Amino acid sequence: FGSSAAAHLRASNSISSSTLPTSPRVLPPPPFATMDSGAAKLAKVEKVLGRTGSRGGVIQVRVVFVGDSSGELAGRSLIRNVKGPIREGDILALLETEREARRLR
């Protein structure tokens, strides 16, 4: 390459200010953002079933949905895994109500 070819490559590889976007790129919302943010359902701990996990750091509980916040779920019960201190009578705010934990063995 001669000096004129090198100058041409440098000129063609440089970014001019006219090629940069003037406004920030708008991204579509993540898939979980379509979920209603106030969709937490209240459930009362009916019974503590036991500890699970490799070190016993997770407690398995049976919960019953409280009527005022859950609508069609009122009275339905699920088995859930809870991390942290929990006892019978506590109220959990569940963001996800479709999944049920597997029973302890």
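User: Which backbone oxygen does the side chain of Gln-60 reach?

Analyst: This is a predicted model, in which local features need pLDDT of at least 70, side-chain atom pairs count only at pLDDT 80 or more, and totals for chains, interfaces and linings use all residues. Residues are numbered from 1 along each chain as its sequence is written, and side-chain values use heavy atoms, with hydrogens and water left out. A polar contact is a pair of N or O atoms within 3.5 Å; within protein, one must be able to donate a hydrogen and the other to accept it, and residues adjacent in sequence count only if both atoms are side-chain atoms. At 2.6 Å, the side chain of Gln-60 reaches the backbone oxygen of Arg-102.

User: Is Gln-60 buried or exposed?

Analyst: Buried means under 20% relative accessible area, exposed over 50%, and partly exposed in between (1.4 Å probe, protein chains only). The relative accessible area of Gln-60 is 2%, so Gln-60 is buried.

User: Which residue in β3 stands opposite Gln-60?

Analyst: Gln-60 lies in strand β2; strands (E, at least two residues) are DSSP runs, numbered from the N terminus. Strand β2 (residues 58-65) pairs with β3 in the antiparallel sense over seven bridges, where pairing requires that DSSP finds at least two bridges between two strands. The side chain of Gln-60 also makes a polar contact of 3.1 Å with that of Asn-81. The residue opposite Gln-60 in β3 is Asn-81.

User: What is the order of the strands in the open sheet?

Analyst: The sheet has four strands with antiparallel pairing. Its edge strands, each pairing on one side only, are β3 (77-83) and β4 (91-94). The order is β3-β2-β1-β4.
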